[in-house]
Amino acid sequence: MMGLLGSLSMLRLLMWLFWLPRLGSSQLADFSPGAARALDALLQNYAYVAFDRPRIRTGVVYDANVPSNLTGIKVSALRLRSGSLRRRGVEIYKEFKIPIGIIEKPYVERLVLVYQNLGNWSARYYNLPGYIYLAPVLGLLAYDASNLSATNLPELDIKASVQPISLSFSDVKPFPVGSSAKCVSIDLQGSVNFSSVLSDNTCTTFQQGHFSIVIESIAPSPAPVPPTPTPVSPPKGKKNKSRVWIIVGSVAGGLVLLFLLGLLIMCASKYKHKKRIQQMERAAEVGEALHMTRVGSTKAPVATVTRTQPTLETEYRP
């Protein structure tokens with residue numbers, strides 16, 4: 001029954017993990033703590049699976065296997081006694097060096113330290129706008145080891161009480177000259193803190209969480225704006241010559257304009273006179289036709305209307 005519940009729980013986590021990349025880019029860019037916490041729970045399950053063997057030795061590092069869809073992530077598990085961890089610490093656990101005086105809450109008899117190396121998945125689950133990762137994100141989380149088949153375990157709260165936990169990054173990318181590298185730590189609530197990088201690419205912390213080395217991203221500088229050319233005033237002699245030529249050109253242009261205007265008026269007058277002659281000829285042609293008669297060998301117009309015969313005044317007398 002417990003095995004069935006564990007399988008169902010892992011299946012639910014896998015479905016959640018597959019659904020995460022389909023979220024909007026704004027949620028990924030804003031660094032959602034929920035997505036990172038779901039990944040922590042899933043990696044805890046795979047870390048505990050690494051203990052699935054006849055005999056489990058305390059203080060031995062067990063490397064876990066992750067599915068192909070998480071290729072690039074490395075997970076390991078280390079089981080310890082709480083008293084031994086507090087008195088002796090852990091000299092080397094991957095990149096971590098755990099000093100004496102580690103205290104966990106709540107207290108458990110045995111605990112498991114789960115190591116994470118997120119590799120090329122670092123920026124997806126812990127995206128920091130304005131910063132570039134120089135090293136992969138490393139995680140160190142503590143869980144109760146009383147039941148190594150349990151899933152979805154809550155993390156223990158572990159803190160260093162004497163000296164800080166140190167971690168030395170072995171795979172750090174080179175960065176531009178003038179840039180300043182910083183240690184970054186992200187706790188389980190998603191709070192981000194920066195500190196100085198010590199020698200040999202070493203960072204320190206007093207609590208568990210996720211850690212890396214970053215630099216501030218440099219925005220490309222805008223292209224230089226070409227200077228506006230300043231108009232150069234010509235010398236005084238050339239300036240006077242230019243003014244004379246402007247006056248001469250204006251006068252010549254005015255004379256040419258007057259000549260063209262006079263020519264236009266003359267052409268209009270001739271056209272008007274010619275038009276008037278044509279109208280008179282057209283009126284003469286459409287007038288009353290005179291009858292022609294032959295006088296000798298010549299034709300001459302003859303009026304058809306008989307003039308009023310003269311009468312004597314005596315004819316009107318009674």
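Trainee: Which cysteine does the disulfide join to cysteine 183?
Mentor: In this predicted model, the structure holds one disulfide. Its two sulfur atoms lie 1.9 Å apart, S to S, and a pair of cysteine sulfur atoms within 2.5 Å counts as a disulfide. The partner of cysteine 183 in this link is cysteine 203.

Trainee: How many residues apart in sequence are the parts that the pair ties together?
Mentor: The link between cysteine 183 and cysteine 203 is left-handed, with -85° about the S-S bond. Cysteine 183 belongs to strand S11 (residues 182-186) and cysteine 203 to strand S13, so the parts tied together by the pair are separated in sequence by 20 residues.

Trainee: Is cysteine 183 buried or exposed?
Mentor: Buried means under 20% relative accessible area. Cysteine 203, its disulfide partner, has a relative accessible area of 3% and is therefore buried. For cysteine 183 the relative accessibility is 2%, so this residue likewise counts as buried.

Trainee: Which residue has its backbone oxygen 2.9 Å from a polar atom of the threonine 205 side chain?
Mentor: Threonine 205 lies in strand S13, which covers residues 202-205, and because its relative accessibility is 9%, threonine 205 counts as buried. Once neighbours within four places in sequence are left aside, threonine 205 is in contact with Pro164, Ile165, Leu167 and Phe211. The backbone oxygen at 2.9 Å from a polar atom of its side chain belongs to glutamine 207.

Trainee: In S9, what is the bridge partner of lysine 105?
Mentor: Strand S5 (residues 102-105) pairs with S9 in the antiparallel sense, over four bridges. Within S9, the residue bridged to lysine 105 is aspartate 157.

Trainee: How many of the 17 residues of H3 are buried?
Mentor: Helix H3 runs over residues 33-49 and reaches 25 Å from its first C-alpha to its last, close to the 24 Å expected at 1.5 Å a residue. H3 is largely enclosed by the rest of the structure, because the number of its 17 residues that are buried is 13.

Trainee: How far apart are the end C-alpha atoms over residues 244-268?
Mentor: An unreviewed UniProt entry lists residues 244-268 under "transmembrane region". In the model, the chain over residues 244-268 is 100% helix and 0% strand. The distance between the end C-alpha atoms of residues 244-268 is 36 Å.

Note on methods. Residues numbered from 1 in each chain as written. Predicted model: local features only at pLDDT ≥ 70, side-chain atom pairs only at ≥ 80, totals over all residues. Heavy atoms only, no water. Helix = DSSP H or I, 4+ residues; strand = E, 2+ residues; numbered from the N terminus. Expected span 1.5 Å × (residues − 1). Buried < 20%, exposed > 50% of the residue type's maximum accessible area, 1.4 Å probe, protein only. UniProt positions renumbered as here; feature names shortened; annotations may be inferred. Polar contact = N/O pair within 3.5 Å; in protein donor to acceptor, adjacent residues only side chain to side chain. Contact = heavy atoms within 4.5 Å. Pairing = 2+ DSSP bridges.
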